[in-house]
Amino acid sequence: MVNYSWPSKPIVYTLIGLAFWTFLDLQAVSKYSDNGRRTLATTTNISYLKSESTLLPWAHYNIRSVKERPDPSSETALFWHIPKSGGTTAKQIYQCMGKTLTIRIGVDPRYGHDQSDELVVFKPIEGKDWKTVNVDTVSEKGILRAEEMGLVASGKADIIFAMDVNFASSHLFDRLNKGRILSIFRHPVDRLASKFYYLQSATWERTYRPEWADMSILEWAEKHNFDENFLVKKIVGKKLTDDAGMADLIIAKEIVRRRFIVGLLDEMEESVHRFNVMLGVNESDEKTKECMNEVFGTTKDEGDKSDEVDSVEAQGDEGDEKDNAVEINTNSNKHPKIVEGMPEYKLMAERNSLDMILYEYIRLLFQEQKSVINRYAREALVQQHALTTNVQRKRQLR
């Protein structure tokens, strides 16, 4: 691995800004949690505020800035697959488009490439256009193997799907082979409620929990849920059993602001359109239109749509896939809605107060990024038009 050092540029104004946002975050913690003082007291990354960088090393050195124009020919996309947040649907859309993805089926012994010392791109499903690489970018062991095999430098993968954004970004990318992070986010309470109801019946998942069917979601949230402040902890590199505090939230917010192309589950179609811009996907292509239409083309009832892509989402750190599904699946994981004002909502919001604040911040970023990505789309069209014009002129001169 590269030995990182903090950049030496002054950050006085940045720290002033961070201090202001910290004050606002403290007010928000008080809103979601009766334990705001305890949350602040458990801060473990306070030294970050004294450093000369506003990003963790992997985010500073290995990942493209949101402000950098996308160049799919020189960067590899990392999709952070957050459980129960639309990641499986995004995966299936890009499989449909024929992209080369890294998912666990790539190391399935049935295909004979799991023990190879060389990277192999292959089509696991006969008759399907999509491809995978013989690496596992979900487990830490698999990520280290992919790093040793030079996955990113090889350029063989179009999109790397990973569930540990910190570990994957630290080990798969470097200064010479930078990545571009994409992710879809969901309201923390909705995500946890979906997980609770889903794993009661998901017999195909390693994390199947039939015993949850005999308890209320309030009892589960109070006594059996250890998935708290998942987003913040994963970004800063903590275990789910670790405490997290305000400094961790500050770090996570700054990394997401400067390094993540954010999508929202309740704005799924718009999110995928933005990802397409960053990935260089031609949306006028007939196959692309067909794949987009399979998910977004039908008329749906108005109202909350967060469960429409909720049927086969991977759970836990295993990142399991249901029978290695590759078809677009729009069946819903129907369950009772947990809304603000309910005791269940209050408890889960309080215990996930950092993620609640981060999610509201991400919603603001989603609006802010619209103009940036629209500009990238216009520039790509101009570039494509100039290229087409050049080709036509050369043909005329022959």
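Biologist: What makes lysine 346 and glutamate 350 a salt bridge?

Modeller: In this predicted model, the closest N and O atoms of lysine 346 and glutamate 350 are 3.9 Å apart. The cut-off is within 4 Å, so the pair counts as a salt bridge. Lysine 346 and glutamate 350 are four residues apart in helix H14, which means that about one helical turn separates them.

Biologist: Why is glutamate 350 called buried?

Modeller: Glutamate 350 has a relative accessible area of 18%. Buried means under 20%, and therefore glutamate 350 is classed as buried.

Biologist: Why does arginine 351 count as partly exposed?

Modeller: The relative accessibility of arginine 351 is 29%.

Biologist: Which side chain meets that of arginine 351 in a salt bridge?

Modeller: The partner is glutamate 228, at 3.8 Å from N to O. This pair links distant parts of the chain, 123 residues apart: glutamate 228 lies in the loop between helix H9 and helix H10, and arginine 351 in helix H14.

Biologist: Why are helices H5 and H7 called roughly parallel?

Modeller: The axes of H5 (residues 140-148) and H7 (residues 165-172) come within 9 Å and cross at roughly 20°. Angles under 35 degrees count as roughly parallel, so H5 is roughly parallel to H7. Residues of this contact include Ile143 and Leu144 of H5, and Phe167 and Leu172 of H7.

Biologist: How do the contact residues of H5 with H7 divide?

Modeller: They comprise six nonpolar, one polar and two charged residues.

Key. Residues are numbered from 1 along each chain as its sequence is written. This is a predicted model: local features need pLDDT of at least 70, side-chain atom pairs count only at pLDDT 80 or more; totals for chains, interfaces and linings use all residues. Side-chain values use heavy atoms; hydrogens and water are left out. Axes are lines fitted to C-alpha atoms, for helices over the stretch in contact, and angles run from 0 to 180 degrees between N-to-C directions. Helices (H or I, at least four residues) and strands (E, at least two) are DSSP runs, numbered from the N terminus. Angles under 35 degrees count as roughly parallel, over 145 as roughly antiparallel, 65 to 115 as roughly perpendicular and the rest as oblique. Contact means heavy atoms within 4.5 Å. Ala, Val, Leu, Ile, Met, Phe, Trp, Tyr, Cys and Pro count as nonpolar, Asp, Glu, Lys and Arg as charged, and the others, Gly among them, as polar. Buried means under 20% relative accessible area, exposed over 50%, partly exposed in between (1.4 Å probe, protein chains only).
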